[in-house]
Amino acid sequence: MGLNATFPTAFGTFANWLYTQQVVDAAGDTPCPTYLLVLRILAHQLLVPALQNQIMEILQERQKDRRLPSAAFRYVYGNTGKDSPLRRYIVDACSNGPLGDIINTDNYPPRLLVEIINAMRERVVEREWEPSKEQAASYLVSEAVGKRKV
């Protein structure tokens, strides 16, 4: 991604940070999480680890109140590498704590979904699984004519 593809707000916030060392937008407010994610990627591309870390601290503090914006996930995955700390953070945030339903599946790249599943599987204490009789029965289909489940 070149500077032309960078969101103007994120670049403006970056320029302001260079002078003030504060992550604030033109109005003096902390940018929304979507722009923080974009700014984090810009800081990585411009090799500014202090800004990357400051943004991660802000995101982690905000995470206590709300979920990450899934609308930014494709952008993050399209502009980061497989070993990105930002990707790891998103996977951890999505696979821990109170989980909501995934409403817009288009926001979740397949690689992200696989990483979320793998992260959740690593936390499973009991590796061997055997369904209870009730669970096993729920997987069966009705053999009665006219009352078939798919």
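Biologist: What should I keep in mind about the model?
Modeller: It's a predicted model, so local features need pLDDT of at least 70 and side-chain atom pairs count only at pLDDT 80 or more, while totals for chains, interfaces and linings use all residues. Residues are numbered from 1 along each chain as its sequence is written, and side-chain values use heavy atoms, with hydrogens and water left out.

Biologist: Why is Ser84 called buried?
Modeller: Buried means under 20% relative accessible area, exposed over 50%, and partly exposed in between, using a 1.4 Å probe and protein chains only. Ser84 has 11% relative accessibility, so it counts as buried. You'll find Ser84 in the loop between H4 and H5. Across the protein, buried residues make up 33% of the 150 residues.

Biologist: How do you know how many helices and strands there are?
Modeller: They're DSSP runs, numbered from the N terminus: H or I of at least four residues for helices, E of at least two for strands. On that basis there are seven helices and zero strands.

Biologist: What makes a nonpolar core?
Modeller: It's a set of buried Ala, Val, Leu, Ile, Met, Phe, Trp, Tyr and Cys residues joined through side-chain atoms within 4.5 Å. The largest one here has 33 residues, and Val23, Leu39 and Leu112 are among those with the most contacts inside it. H2 gives the largest share, seven residues.

Biologist: Which residues does Val23 touch?
Modeller: Contact means heavy atoms within 4.5 Å. Not counting residues up to four places away in sequence, Val23 touches several, including Trp17, Leu36, Leu39, Leu51 and Ile58.

Biologist: What makes a space a cavity?
Modeller: On a 1 Å grid over the protein atoms alone, it's a set of points where a 1.4 Å probe fits but cannot get out; lining residues have an atom within 4 Å of a point. The structure holds one cavity of 30 Å³ or more. Pro33, Leu59, Arg62, Gln63, Arg66, Arg67 and Leu68 line the largest cavity, with H3 giving the most, three residues.

Key:
1 Å grid on protein atoms, 1.4 Å probe; cavity = no way out; pocket = protein on both sides within 12 Å on 5 of 7 lines; lining within 4 Å. Points joined across faces, edges and corners; volume = space filled by probe spheres on them.
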